[in-house]
Amino acid sequence: MAQSSISHVMVLSLFLCLAFSPDHSFYLNPNFYEQSCPKAEEIVRSVVEKAVQKETRMAASLLRLHFHDCSVLRHVTETDMESGCDASLLLDNSRNIRSEKQSNANTNSARGFEVIDDIKSALEKACPQTVSCADVLALAARDSTVLAGGPNWAVSLGRRDSKTASLSGSNRNIPQPNNTFQTILTKFKIQGLNIVDFVALSGSHTIGNARCTTSKGLFNSDQVLLTKDGSSMDLVKQYAENNNLFFEHFAQSMVKMGNLSPLIGSNERSGRTAGELIVDIRGNMSVCF
């Protein structure tokens, strides 16, 4: 009798655990669209390839969009923050939104939005109301890197798109070309990234054409890696001597950045609902999830 009671308590406890815990089926997974949109990655890669063939610089632009999207921290409550990688960068101005495209790091700089629109249009034809814009940005960044001769990595998928944007967060969190070494490192640490991520991801500046901001033709944020800290200097030298090590660390840091506190599941406070219409940068109606 006692054993039966214990069994009932265990079953009840298990039920309560499953009923009130987060839905772990919504964790990021490289195979997230395997059933719902099996050709999603192929479609993204195809559109990115055409865009980069047309303009080589677009590879760097698409990679940068993902980085700037992931860099923004938004206040949910006074003590709770949500990270980026949620496609908030794609939102335009509206009655309730001040677009992140207007931030110091993005104004007259962030580009490639039309390529993201083209990818979404192709995905909508193949798999309506399925693939999120946040996942599109993550996949496009990986494919752009590969097309530019960089490393490959598996992209975990299943992000949802934000309903809100944070212009202040974009201004505050995205590293600026003239920031000091310590300022940039602090911004990375706030995101949950470290000095290896800082140096490795700074290597993305070797892709495409950066806007020259110094007489040397390099970002100040790149120069400080060699002049302001011994650890970063050692890493830069290691990467210069060992390209495979740089590729390995860059891929690991991209995965780490892309997986930090993503919007997932069906009950996120700021996620767009499936099939919600938004206006893209060209004034077209598109669907994000």
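Glu-124 and Lys-120 are four residues apart in helix H4, so about one helical turn separates them. The two form a salt bridge in which the closest N and O atoms are 3.5 Å apart. An α-helix has 3.6 residues a turn, so residues three or four places apart point the same way. Lys-120 counts as buried because its relative accessibility is 5%, under the 20% cut-off. This is a predicted model, and its chain holds eleven helices and four strands.

**Other salt bridges**

- The structure holds seven salt bridges. Side chains of opposite charge can pair when their charged atoms come close.
- One of the salt bridges joins the side chains of Arg-111 and Glu-55, at 2.7 Å from N to O. This pair links distant parts of the chain, 56 residues apart: Arg-111 is in the loop between E2 and H4, and Glu-55 is in the loop between helix H2 (40-54) and helix H3 (58-70).
- Arg-111 is partly exposed at 22% relative accessibility, and Glu-55 is partly exposed at 27%.
- Arg-142 and Asp-143 also form a salt bridge, with their closest N and O atoms 2.7 Å apart. Arg-142 is buried at 5% relative accessibility, and Asp-143 is buried at 4%.
- Glu-41, Arg-142 and Asp-143 belong to one network, joined by salt bridges that share partners.

**Helix H5**

- Helix H5 covers residues 133-147; its 15 residues should span 21 Å at 1.5 Å a residue, and this agrees with the 21 Å between its end C-alpha atoms.
- Of the 15 residues in H5, 13 are buried, so the helix is mostly covered.

**Aromatic rings**

- The structure holds eight aromatic pairs.
- In one of them, the ring centres of Phe-181 and Phe-198 are 5.4 Å apart; the pair is tilted because the planes meet at 45°.
- Phe-181 lies in helix H7 (residues 181-190) and Phe-198 in helix H8 (residues 195-202), so their pairing ties together parts that are 17 residues apart in sequence. Phe-181 is buried at 7% relative accessibility, and Phe-198 is buried at 1%.
- Phe-246 and Phe-247 make a tilted pair as well, with 5.9 Å from centre to centre and 50° between the planes. Phe-246 is buried, with a relative accessible area of 14%, whereas Phe-247 is partly exposed, at 22%.
- These two residues belong to a cluster linked by ring pairs, together with Trp-153, Tyr-239 and Phe-250.
- Lys-101 lies over the face of Phe-113, and its distance from the ring centre is 4.7 Å.

**Ser-88**

- Ser-88 sits in the loop between strand E2 (81-82) and helix H4 (113-126). With a relative accessible area of 1%, Ser-88 is buried.
- Apart from neighbours within four places in sequence, Ser-88 is in contact with Asp-69, Glu-100, Ser-162, Thr-164 and Ala-165.

**The chain as a whole**

- The chain has 289 residues, and buried residues make up 47% of them.
- Among contacts between residues at least 6 apart in sequence, 70% join residues at least 24 apart.
- The accessible surface of the chain is about 15,000 Å², and 53% of this belongs to carbon and sulfur atoms.

Technical notes
Residues numbered from 1 in each chain as written. Predicted model: local features only at pLDDT ≥ 70, side-chain atom pairs only at ≥ 80, totals over all residues. Heavy atoms only, no water. Phe/Tyr/Trp six-rings, centres within 6.5 Å; stacked < 30°, edge-to-face > 60°. Helix = DSSP H or I, 4+ residues; strand = E, 2+ residues; numbered from the N terminus. Buried < 20%, exposed > 50% of the residue type's maximum accessible area, 1.4 Å probe, protein only. Lys NZ or Arg CZ within 6 Å of the ring centre and 35° of its normal. Contact = heavy atoms within 4.5 Å. Expected span 1.5 Å × (residues − 1). Areas by Shrake-Rupley, 256 points an atom, 1.4 Å probe, with all protein chains shown as cover. Salt bridge = Lys/Arg side-chain N within 4 Å of Asp/Glu carboxyl O.
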